[in-house]
Amino acid sequence: MRLSLDTDAKTLTLDEGGIGKVVDLYSKEAFEALSRQWVRLGWNQKYQYTFSWMGRPVIQLPEDMIRMQEVIFQVQPDVIIETGVAHGGSLIFYSSLCRAMGKGRVIGIDIEIRPHNRRAIEAHPLNDRIELVEGSSTDPGIVAQVKSLVKPGEAVLVILDSNHTYAHVHDELEAYADLVTAGSYIVATDGIMLDLADVPRGVPAWATDNPTFAARDFAAEHPEFVIEQPTWPFNESGLDQNITHWPGAWLRRR
């Protein structure tokens with residue numbers, strides 16, 4: 001797509017496949033087109049690698065963190081399970097929300113939790129609500145261990161943020177979906193890969209090998225889940241689409 005911005009004329013020209021369209025620069029359509037390119041450019045510049053939460057690197061788009069906060073407050077989960085620990089910033093973020101709500105705990109799973117990251121997470125003042133599980137998120141033994149940590153009747157939210165290949169995400173969805181309670185979500189993050197296949201740091205195979213397609217196919221196989229962007233609890237704008245690294249990520253259990 002070719003975008004031509006004219007701040008004097010206050011127009012944005014979108015040209016795709018030789019078909020051009022001129023829109024008002026200050027319109028919803030222009031905002032969404034420019035936001036898509038901003039996300040692609042920001043990802044390539046590692047914008048998401050510039051944030052931390054209460055001292056720990058978080059490696060998330062702030063827009064996604066705010067939307068996740070909205071969902072966690074709405075769902076009020078007893079347990080938040082996240083695959084993929086890295087520096088632990090997301091676990092600290094979820095733990096801080098749990099403490100603020102006065103309920104909930106966090107289980108973080110990773111095939112390798114590096115010693116310096118484990119030490120930093122375990123020394124953090126918000127570690128009291130976090131449990132770390134080391135091993136492959138799709139290993140049957142690890143899946144069973146995680147499930148043993150969830151008590152009957154607890155509300156569960158699951159976030160998948162480890163290996164982002166189609167096959168691994170699909171396996172994770174199959175492994176953890178039965179833990180998700182009605183009205184809650186399993187979130188297949190970082191599907192933005194499908195829109196990054198042609199950026200300098202991208203990989204061509206991501207056009208099909210991505211979490212968004214895994215979530216799409218899982219939903220087709222499991223009618224008890226529907227792909228549904230959570231409704232914004234506050235919105236006085238005309239906008240309705242997340243600016244996100246997680247397109248097609250939110251699978252709500254009916």
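The face of helix 5 that is turned away from its buried side carries the exposed residues P140 and S148, where exposed denotes over 50% relative accessible area, buried under 20%, and partly exposed the range in between, for a 1.4 Å probe and protein chains only. The model is predicted: local features need pLDDT of at least 70, side-chain atom pairs count only at pLDDT 80 or more, and totals for chains, interfaces and linings use all residues. Residues are numbered from 1 along each chain as its sequence is written, and side-chain values use heavy atoms, with hydrogens and water left out.

Helix 5 spans residues 140-148, and its buried residues are I142, V143 and V146. Helices (H or I, at least four residues) and strands (E, at least two) are DSSP runs numbered from the N terminus. Viewed down the axis of helix 5, the buried residues fall within an arc of 100 degrees, so they line one face of the helix; the arc is that of the directions from the helix axis to the C-beta atoms. The cover over these buried residues includes strand 6 (79-83), strand 7 (105-110), strand 8 (130-134) and helix 6 (166-176). At the N-terminal end, D139 caps helix 5, with a side-chain oxygen 2.7 Å from the backbone nitrogen of G141.

Aromatic residues are considered next. The whole structure holds 8 aromatic pairs. Among them, W38 and Y47 have ring centres 5.4 Å apart and planes at 70 degrees, so this pair is edge-to-face. Rings of Phe, Tyr and Trp (its six-membered ring) pair if their centres lie within 6.5 Å; planes under 30 degrees apart count as stacked, over 60 as edge-to-face and the rest as tilted. W38 is partly exposed, at 35% relative accessible area, and Y47 is partly exposed, at 30%. W38 and Y47 form one aromatic cluster with F51.

A tilted pair is formed by W246 and W250, at 6.0 Å centre to centre and 50 degrees between the planes. Both W246 and W250 are buried. N242 lies in the loop between strand 11 (225-227) and strand 12 (250-253). With a relative accessible area of 14%, N242 is buried. The side chains of N242 and W232 are joined by a polar contact of 2.6 Å.

Terms used
A polar contact is a pair of N or O atoms within 3.5 Å; within protein, one must be able to donate a hydrogen and the other to accept it, and residues adjacent in sequence count only if both atoms are side-chain atoms. Contact means heavy atoms within 4.5 Å.
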